[in-house]
Each structure stands twice: as C-alpha cells, then as structure tokens.
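Subject: Structure for your files

Hello,

Here is the structure you were waiting for, with notes on what was found in it below.

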Amino acid sequence: MKFPFYIITFIITVILISINPIPTSAHFYPNISSIPLSLIPNRTLWDAFNNFTGCHKGVKADGLHKLKKYFQYFGYLNNSYNDFSDLFDGNFESAVKTYQLNFNLNATGQIDANTLKNIVLPRCGNPDAVNGTSTMHSNRPYSANSTINTVAHYSFFPNTPPWPRGRRDLTYAFLPRNQLSDLVRGVFSRAFERWSEVTPLTFTETSSFSSADIRIGFYSGDHNDGEPFDGVLGTLAHAFAPPVGRFHLDEQENWIIDGDFTNASPLSAVDLESVAVHEIGHLLGLGHSSVEDAIMYPTISSGTRKVELSSDDVLGVQELYGSNPNYNGTGPVLTPRGERDSSGAHFMGFWLYGPEMLLVTGLFSLLVLLIF
Ligand SMILES: [Zn+2]
Ligand SMILES: [Zn+2]
C-alpha cells in the first residue's frame, strides 16, 4: 500500500499543529519584572478614547460611535439605542452624566479629562447599569473618614436572589484544559477565603468541573457567552450571579501572581488576586459599588493590588448571607441599605484535552495504518 509523499506530509503537519496549540495560552508571571517587554503594549484598545477630550452634546467627532458602544456595553445606553453615528446626542449626554455620578465625578455630561481618565482604566466586564438605568447607588452621602451614620453604596444583581439558604458550602473547579499550577489555584483559594471570613459561606475546590457550583476558566476573545474578551487590559474578567456560577478571565492579560508592584512601574500587569476577589463578589450576588475603596468598585488600575474587603463590601455580602460567627470586623459604621513561581516567567500552555486528544489519537492511528 503506497501513498504519495504529500499526503503523509499533510497528515504529519496536521498532527504537529494539533499538538502545539500555540495561539491559546494564559500568561502568568510570578512578579512584574518577569514580563517580557515584547508583551507589553504601548497603547490599549481604550486609549484611543483620549481623542474625545472636551466632547459635549451637539458636536461630531470621528470615531465617537465607539465610545457610545462602550457606554452601551456597560449598560449606560438603552439596549434599543441604535444611533451609532459620531454625533454626541442627548441620550449619550445623559448616559455620560449617569456614569459620572457612579464614579463620583462632576456630572457635567461632557467628556472631560477626569471622566476620560476613568473610562480608559481596565475594569470588570459586568455592567454598571441595566438598559440605561444605573444599578449602582451613587447619590448617597459617604465619607470613608466618618464614623457615624454614613450610608453604604453596595448593590445587588437586580432581580437575582443569592445562593439559597441550604447552599452555604459551595464548590469551585477550574476549566481542566487551563491546567493551572498550584500557585495559581492558591491565589483563587485566598480570594475565596476573604469572603468566607466574613460570612457563613465555605468554598472547596473540586475536580469535577461540570458539577461544581462555581466554574472558573481563562478564555480568549469570543467564548460563546456574548461577552467576548478584548486582549490586554480593557475588560479583565466577568462573572455571573447565583446560581449560574460562571467566572471567566481574559487569558490574554499579563496576570501577576505575587501582587508585588513595589519595585516596578505598573505597565500592563494585572493582579490576579485583586480581580478574583472582585469577581467572587459577583458570584455571591453583589453588583458594583460607587465606593472607590470597595472591592466591588468597577475599575482597577494596572499594577495595583486591592484585596481587602471594605466595610461596604462586608455590609453588602452580610445583608445577603449574614455574618461569620467568628468575624469581628472594625471600620467605619455604615447604615445598611436595608431597605509563585520564583524561577522567572512561567507560561501556562494549554494542552490537549478531551475532543482534541481524540482527534490527534485518531489521526495518529490513521497515519500508522497508512504507512504500515
Ligand atoms: Zn464587576
Ligand atoms: Zn465569559
């Protein structure tokens, strides 16, 4: 049985490509100085928005429709809004005002420098508003230094109940094909601990991805949930409310494991634990908060570590689940709304898993049959 050389070459090439899925790999680094310079972009997707400084109602600016899309993505423009021209109209002005209130900025309705500074920051992909109406509580007096009768700003996912009363011991699992190291898994374990310290909830890792309450995965670009990731910075991660339990992170970020940014400039590195603590808040039913110190604040600057729950976060989650009997927290009194790897850069390749492994095994068997 003889086969042309080119057929054999083709089959071998297919097998080699399948065995080395280079384009999909998550980037984890023990510390900021281990990121290869070639992976640090000069500009990110949202930096182009800086061209719109000073834009206000009535003006037309090239590319403004992209900023309108940004505002719609995060919920500030109604879902039915479809004027994606470059004209700054009245609807966009009120969306900008709502955004400014949520982020404690002057509600001018104009794209001023302070507003832009905030817009281009990396952030959580979950929206701050639903269909044009803010779900954040921005207009309540709050002072981090005050000790009496300040009002919390935490929010909940609209119309979504928390994990039911009988579900206090939750399990979590990692997408098997991510093949995360113990160091990376340890980061998530610490992040879960921060929430279990203040509530009666417990979180235990399980190997069964399909049956876990919380399913954690690193994905790139479009990953079939209508919320594609956008590469370095921009949106970093998103998570779904109870009882969905899906927690997705952008695998193209430069994720830092040790959280130590003291001896290097921020660059484009993102602290994995900070983002994990925030997203777990969503998994428990919390929405975004207008309190800048809160874990549930929507943005985080690159090169920043923020892992401690604020009083605002604690009050919010305790309104849903009650307190851990051992928790004895201190901080400003708020009124409830009541009403490492040390050996340098560590690349985590994504290896063959499940159906891909079957495909390669099948092709290899076919090749053996053809040759022999
Ligand atoms: Zn968020
Ligand atoms: Zn997703």
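β5 and β6 pair in the parallel sense over four bridges, where two strands count as paired if DSSP finds at least two bridges between them. Helices (H or I, at least four residues) and strands (E, at least two) are DSSP runs, numbered from the N terminus. Across this pair, Tyr 172 stands opposite Glu 205 in β6. With α5, the two strands form a right-handed β-α-β unit; right-handed means that, with the strands pointing away from the viewer, the path from the first strand over the helix to the second runs clockwise.

Before going further, please note that this is a predicted model, in which local features need pLDDT of at least 70, side-chain atom pairs count only at pLDDT 80 or more, and totals for chains, interfaces and linings use all residues. Residues are numbered from 1 along each chain as its sequence is written, while chains are lettered from A and ligands numbered from 1 in the order in which they are written.

β5 also runs parallel to β7, joined by three bridges, and Phe 174 stands opposite Ile 216 in β7. These strands belong to an open, mixed sheet of five, ordered β6-β5-β7-β9-β8. β6 (202–205) and β8 (237–239) are at the edges with a single partner strand each, so one side of each has no neighbour in the sheet. From one strand to the next the twist averages 20°.

Two helices pack here. α5 (residues 182–196) lies across β5 (169–174), β6 and β7 (214–219), at about 165° to β6. α6 (residues 272–283) touches β7, β8 and β9, and its direction makes about 25° with that of β8. Axes are lines fitted to C-alpha atoms, for helices over the stretch in contact, and angles run from 0 to 180 degrees between N-to-C directions. Contact means C-beta atoms, placed from the backbone, within 7 Å.

Leu 77 counts as buried because it has 25 C-beta neighbours inside 10 Å; the cut-off is 20 or more, with 12 or fewer called exposed and anything in between partly exposed. Beyond its neighbours within four places in sequence, its contacts include Phe 71, Ala 95 and Gly 132.

Overall, the protein has eight helices and 13 strands, and 35% of its 372 residues are buried.

Regards
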